[in-house]
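Welcome, and please open your viewer.

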Amino acid sequence: MTSYTSVPSVPRLVIAAPSSRSGKTTVATGLMAALTERGLAVSPHKVGPDYIDPGYHALASGRVGRNLDAYLCGPELVAPLFAHGARGCDIAVVEGVMGMFDGASGQGELASTAHVAKLLRAPVVLVVDASSQSRSVAALVHGFASWDPEVRIGGVILNKVASDRHEELLRDALESTGVPVLGVLRRAPQVDTPSRHLGLVPVAERQAAALEAVAAMAAQVRAGCDLEALVALARSAGALSGPAWEPPVTATGRREVVAVAGGPAFTFSYAEHAELLTAAGAEVVVFDPLRDEQLPDGTRGLVIGGGFPEMYAAELSANEPLRKAVAELAFGGAPVAAECAGLLYLCRELDGRPMCGVLDATARMDERLTLGYRDAVAVGDSVLAPAGTRMRAHEFHRTVVEPGAGPAPAWGIRSPQPRVEGFVRGGVHASYLHTHWAAEPGVARRFVDRCRAS
């Protein structure tokens, strides 16, 4: 059973935009860094299932980046999870996802930035790409500000402004909207961060360059935004009366070592997963499959999350001692939970290179992007859940595993087309689906219990 503790409300802002690529990440990350430089304890958050942006948020704030996903966790957990992550902080900055009103496909406002802003009773700062407009910006901002009266747009930041004259035209146009301009950012190529097939390149793969990018974002926000006005707006957020989420503590007896894959190839993980494992009695030890030739001493269970193993197939394959250690652990019956990248790593091969060989399947890169929320049900009993357990999940990859399911599949998926997916074999649960364990705390407890029994 999930536990809660009462905490004071934290001043907060949601950084939203009319569409993707408007500059949300630049503004949110730069604002986190600029406020941190001023001595404020900043709590960083990201709307939706994205794993990559929180890595940049963590660099900017010095605190772990956390996700707020009303689909994966349910609307009722958004405010408690926010309060848990923001405990003890002076201010919180929440980066939105996609366009402000874009949420789960076919589900109305569910999981949109606007939905999360309402759940948090937080004012919104709208980041507008003004590079190809002048007076029209007023119509756009007016439309977003009036579309849903429950969403309070407290200001606008104009991004990619070309010149002083361009800025003057934009400010004049926006006077009629009543929405104050809280910042104007000039075009700045040095702030750009490289992308590839699944979005930004993660921080773990470009640490030094990422630090430079975050510093450039901070400098741009400092120079172009009214930080005092933004802090004042954050302090106007409505009170959150609900309690903070806490991982339920069920630990008894000795702690079992649970090895968690990390490093550049496996960067996707929700912070709450390690907290839930710890509360359930695990000693969580992170290792890097690119460098470490053995699992951590005393490993009784293994968690391999998402990431980009396809970018490191040669290096992962070359680490034959670790591949053998993983296979030996899995075939010995120890609990192994693998999501997406972890699934690929457990296959016989990835793009023709040998992997761990735990699963009788092969994996390869594919041109087609598979993306979307999923409503899943456990087909049979596994180390994560008993048969019939329903969980919401997210799928995001450009790879194919053949076959897509084993004799004992991990999940049944109802939409967009009904299908079974993933593999359950002994103590192994491997799937493309990313799940958020805070929505079902029994997952971590069941996993650690199996570590004790194995």
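Start by selecting Val221 and the residues that it touches beyond four places in sequence: Thr26, Val27, Gly30, Leu31, Ala34, Leu185 and Leu227. Contact here means heavy atoms within 4.5 Å. This is a predicted model, in which local features need pLDDT of at least 70 and side-chain atom pairs count only at pLDDT 80 or more, while totals for chains, interfaces and linings use all residues. Residues are numbered from 1 along each chain as its sequence is written, and side-chain values use heavy atoms, leaving out hydrogens and water.

Val221 sits in helix α7 (residues 207-224); helices are DSSP runs of H or I with at least four residues, strands runs of E with at least two, numbered from the N terminus. Is Val221 buried or exposed? Its relative accessibility is 1%, so Val221 counts as buried (buried is under 20% relative accessible area, exposed over 50%, partly exposed in between, with a 1.4 Å probe and protein chains only).

Next, select Leu31, one of the residues with the most contacts inside the largest nonpolar core, which has 110 residues. Such a core is a set of buried Ala, Val, Leu, Ile, Met, Phe, Trp, Tyr and Cys residues joined through side-chain atoms within 4.5 Å. Helix α1 (residues 24-37) gives the most to this core, seven residues.

Now colour the open sheet of seven strands, in the order β4-β3-β5-β2-β6-β7-β8, with parallel pairing. Strands pair if DSSP finds at least two bridges between them. At the edges, β4 (66-68) and β8 (181-186) each pair on one side only.

Finally, zoom in on Ser43, which stands opposite Ala92 in β5.
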